[in-house]
Amino acid sequence: LREGAAKVSEWLLCRLVPGQEGEIIAGDLREEFEARGGGRFWYWAEVLSCIAVRLLPHRLVAPDLRRDLHHAARVLRRNPGYTLTAMVCLALGIGVNSTVFAMMDELFWELLPVPQSDRVAAIGAPARRPLAGTAITSIFRGAWPPHLGGCSPACWPTTTYRRASIATACTG
Amino acid sequence: MRDQHLGGFEQLVLLAVVRLRDNAYGVPIRREIEKRTGRKVTVGALYSTLGRLEAKGYVSSWFADPTPERGGRSRRYFRVEPQGIEALAQAKETLDRMWKGVRLA
């Protein structure tokens with residue numbers, strides 16, 4: 001057993017097994033490992049089984065998912081008030097979460113629903129508030145239209161506009 | 001009466017501690033049970049059972065000096081208390097009564 005692995009397993013035992021028992025078990029395993037002349041798989045299986053027994057003191061066997069689900073269904077059927085409260089809380093939680101995420105996604109993260117939305121430019125003098133008093137132009141395809149004069153979009157700050165930016169620009 | 005009841009694995013552990021006398025600590029207890037029963041014993045289950053037996057007052061334990069082969073850690077030795085002996089005797093008596101007159105096959 002490498003010294004690093006031994007240290008990790010002994011640290012786990014001492015942290016997860018309460019009292020002095022972690023130390024005692026770590027000592028037992030080290031002594032037995034030396035006596036056996038190896039067996040890393042055996043060693044780690046022992047460490048993990050020891051931790052599992054401590055963390056799940058009510059069960060000494062591997063968890064049975066089918067039995068657990070059956071037990072959960074019976075308990076829920078026996079307590080309809082609790083079941084209803086839990087279901088309402090879960091439904092509200094999931095619904096509110098989805099709504100907020102959808103709003104945030106639409107306003108701040110999704111690009112504008114127009115072709116080449118990365119070429120949308122804002123025209124107007126810079127103000128104290130970003131984009132205040134400006135309007136969003138149409139999308140420029142190809143070269144900069146000569147009748148607009150001034151500099152080309154290359155000299156504008158490169159910004160990708162989203163719905164929330166337009167709302168600020170229009171109301172600002 | 002319920003507290004006096006000994007489970008199957010508890011009986012094995014208590015008997016191993018009785019058999020080992022002054023050398024009853026984790027490693028030999030495990031070996032003794034595995035050798036005599038052919039049953040694999042994990043260290044977690046063993047110490048869990050020993051802790052329960054100690055809480056019932058059937059065994060007592062003490063710590064020896066640290067040794068280098070254990071990475072500087074102590075051994076925890078166990079000894080059976082009179083209540084443990086009494087519980088073992090009662091468990092055997094119960095089993096004997098149940099077996100009396102039973103013929104398998």
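Predicted model: local features only at pLDDT ≥ 70, side-chain atom pairs only at ≥ 80, totals over all residues.
Student: Which residues are linked in a network of salt bridges?

Tutor: Asp28(A), Glu31(A), Glu69(B), Arg70(B) and Arg75(B). Residues are numbered from 1 along each chain as its sequence is written, chains are lettered from A and ligands numbered from 1 in the order in which they are written, and side-chain values use heavy atoms, leaving out hydrogens and water.

Student: Why is the contact of Arg75(B) with Glu31(A) called a salt bridge?

Tutor: The rule wants a side-chain nitrogen of Lys or Arg within 4 Å of a carboxyl oxygen of Asp or Glu. Here the closest N and O atoms are 3.2 Å apart, so the pair qualifies. The pair crosses between chains, with Glu31(A) in helix 2 (residues 21–36) of chain A.

Student: What makes Arg75(B) buried?

Tutor: Buried means under 20% relative accessible area, exposed over 50%, partly exposed in between (1.4 Å probe, protein chains only). Arg75(B) has 16%, so buried it is. Glu31(A), at 12%, counts as buried too.

Student: How do you know whether Lys92(B) is buried or exposed?

Tutor: Its relative accessible area is 51%, so Lys92(B) is exposed. Its salt-bridge partner Asp96(B) has 40%, so that one is partly exposed.

Student: What separates Lys92(B) and Asp96(B) along the helix?

Tutor: About one helical turn, because they sit four residues apart in helix 4 (residues 82–99) of chain B.

Key:
Helix = DSSP H or I, 4+ residues; strand = E, 2+ residues; numbered from the N terminus.
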